[in-house]
Amino acid sequence: MQQPYGLEIWGDQNFLIRDGKAHINYKSSPALLDIANHIRSEGIRGPVILRFPHLITKQIDTLYSHFNRAIDENSYRGVFKAVYPLKVNQYPEVVRAIVDAGKPYRYGLEAGSKAELILAMAYTPIGSPVTVNGFKDEEMITMGFLAAQMGHSITLTIEGIGELESIIEVAEKTPYRVPNIGIRIRLHSGGSGIWAKSGGMQAKFGLTSTELLEAFDLLIKHRLLSRFTMLHFHIGSQMEEIAPLKRALREAGNIYAELKRMGADALRAINIGGGLSVEYAQHPAKRVRNYSLKEFANDVVFLLGEIMKTKGVEHPNIVTESGRFITASHAVLVAPVLELFSHDYQERSLKLKSENPPLIEELRSLNDLLTSGNSIEFLHDALDHLESLLKLFELGYIDLQDRSNAEILVHTIIKKALYLKKNNQLPEVERLQERLQERYLVNSSFFQSMPDYWGLGQQFPVMPLDRLDQSAIRAASLWDITCDSDGEIGFNPGAPLYLHDVDLDTEEYFLGFFNIGAYQETLGMHHNLFSHPSEATVEIDDDGFCCNNMDEAEDILEILDNLEYDPDAVLNQLESRIAESEFITSEENRDTLSTLKRYLAQNGYLRTTK
Ligand SMILES: *Cc1c(COP(=O)(O)O)cnc(C)c1O
């Protein structure tokens with residue numbers, strides 16, 4: 001069934017709509033709005049990221065169950081292992097949820113930097129795999145040796161020959177246990193989609209076949225072949241189709257079999273990287289994914305089995321590093337709408353003169369005589385008249401009051417016409433949408449909370465938290481509160497977003513931005529000094545929900561502190577400005593300062609909603 005806002009496309013059964021409200025489809029199924037209001041009742045204002053750890057558990061369970069089923073069905077003799085790539089979301093609540101849910105499976109962590117490696121060393125349960133990708137210096141490699149020494153089952157994946165040379169040096173220099181060694185190979189086949197750059201011969205990472213042979217010789221020469229356990233590739237994030245993966249698997253599978261035949265006896269795993277995609281589309285025509293996890297797992301297991309059969313090689317263990325798939329759905333950004341652009345165009349603000357320009361009189365009668373039958377025609381006339389009136393204003397023939405009256409009348413006509421047509425979306429109204437759009441000002445920074453929208457044009461599903469049983473008739477473009485015109489999610493006629501006409505003087509309106517749990521949080525920028533939003537972890541059981549770890553966004557002094565301002569110096573500076581001001585009496589001094597201090601202790605988002 002078609003659900004509002006394409007929920008059936010991107011929602012993966014995680015949410016449901018009941019009595020016009022968006023609910024979490026889990027146990028007591030609380031409404032998102034009730035959760036948001038609970039958090040606001042604790043005094044937190046501005047945008048909030050809601051985390052749902054049960055959705056992380058769900059993704060981990062799904063990943064393992066599909067692969068284990070495929071392994072069973074194909075009588076595959078390797079085992080399935082997985083690691084979570086920390087770069088996708090390193091926030092403590094996310095890592096905690098992953099480690100908890102992953103324990104029964106021995107789900108591990110993947111690190112791509114020193115700081116991530118420290119997290120992996122601290123939080124991966126001993127016995128679960130740790131893998132390390134990305135560029136490494138000797139210190140980072142030594143950290144890997146220390147992890148092995150601590151008892152971790154750790155694999156350092158080399159991205160180039162130089163890293164292998166460093167491993168050899170550290171092995172000779174230190175008394176520590178040598179970690180397992182993986183080799184990332186540079187495949188001929190690349191991925192697809194906007195994140196496809198990780199695969200193919202132009203890729204940033206990996207060894208060519210010549211380098212692979214060189215590495216093999218080095219391993220033998222330095223008696224490290226017994227540490228070489230894993231072959232690795234990653235063809236890119238958000239794989240839209242499965243064909244490139246199959247090509248990559250064939251290539252990697254054959255390289256694996258060759259290496260086994262050459263005597264790589266310890267080699268026992270193929271790490272197929274990440275890249276499982278997440279559906280972000282809200283419109284059927286915009287779907288991006290052309291495979292299911294079931295098909296994906298079947299293909300991987302079947303293909304590897306076939307290659308090994310042909311080559312007479314034992315089945316390798318299969319390791320995946322999908323991250324987006326694991327965390328994208330767990331986080332929802334809830335942001336209040338602060339303003340509707342056309343809010344200023346209320347009929348009550350109309351100040352008609354005793355004598356008005358003829359076109360304004362025309363608009364008046366269009367407004368008075370508008371009916372369902374003539375609304376489209378009148379709408380066209382009104383928009384034409386507005387163009388003409390704006391031209392007349394530019395030329396100096398009408399004054400500012402006339403212009404304001406014209407704008408109010410036209411907006412009133414638009415609203416009335418849309419209401420009259422709300423159950424009958426005519427193609428003509430759809431064609432007009434771009435000109436009729438309403439702008440919603442959202443208390444959030446898109447640079448901070450959806451940087452991939454800004455950088456790559458990646459759309460995230462948007463849905464209001466309530467009124468889902470009422471028709472949404474306003475073609476919407478969303479503005480964030482940064483002073484940057486790129487902070488806008490424009491109305492896109494190819495994937496239109498319609499929102500409700502709300503009177504924010506008397507009611508509140510919250511938007512949910514969904515599937516933002518992968519990559520967005522640490523990629524987010526502090527443009528205009530908007531910081532990571534407030535967050536809460538929502539645990540749901542059969543009786544209700546509770547919000548753990550409510551953490552408000554940084555206050556203003558903390559934001560400045562992070563920029564290396566000295567908060568005391570900022571305060572002193574303000575204090576002396578107040579003391580020196582000729583407008584502030586000494587009695588008012590303290591009040592002024594304490595008002596400012598109160599503001600400085602609040603988060604940097606806007607507080608104008610109740
Ligand atoms: C980023 C990355 C991943 C995770 O990719 P997803 O698209 O999030 O699944 C896995 N492996 C490597 C090497 C990566 O760089």
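This note covers the barrel and the ligand site of a predicted model.

1. The barrel. Eight strands form a closed barrel, running in the order S4-S5-S6-S7-S8-S9-S10-S11, and their pairing is parallel. From one strand to the next, the twist averages 25 degrees.

2. Strand S4 spans residues 80–85 and strand S5 spans residues 108–111; three bridges join the two in the parallel sense. Within this pairing, Val83 stands opposite Gly108 of S5.

3. A helix on the sheet. Helix H9, residues 243–261, packs on the sheet and touches strand S9 (228–232) as well as strand S10 (269–271). The direction of H9 makes about 160 degrees with that of S9.

4. The ligand shell. The ligand is surrounded by 16 residues, of which the closest are Lys87, Ser237, Gly275, Glu321 and Tyr519. By type, the shell divides into nine polar, four charged and three nonpolar residues.

5. Ser237 places a polar side-chain atom 2.3 Å from an oxygen atom of the ligand. For Gly275 the backbone is involved: a backbone N or O atom lies 2.8 Å from an oxygen atom of the ligand.

6. In the side chain of Glu321, an N or O atom is 2.5 Å from a nitrogen atom of the ligand.

7. Cover. On its own, the ligand has 390 Å² of accessible area, and the protein covers 93% of that area.

Methods. Residues numbered from 1 in each chain as written. Predicted model: local features only at pLDDT ≥ 70, side-chain atom pairs only at ≥ 80, totals over all residues. Heavy atoms only, no water. Pairing = 2+ DSSP bridges. Helix = DSSP H or I, 4+ residues; strand = E, 2+ residues; numbered from the N terminus. Axes fitted to C-alpha atoms, helices over the stretch in contact; angles between N-to-C directions. Contact = heavy atoms within 4.5 Å. Near = heavy atom within 4 Å. Polar contact = N/O pair within 3.5 Å; in protein donor to acceptor, adjacent residues only side chain to side chain. Areas by Shrake-Rupley, 256 points an atom, 1.4 Å probe, with all protein chains shown as cover. Nonpolar A, V, L, I, M, F, W, Y, C, P; charged D, E, K, R; others polar.
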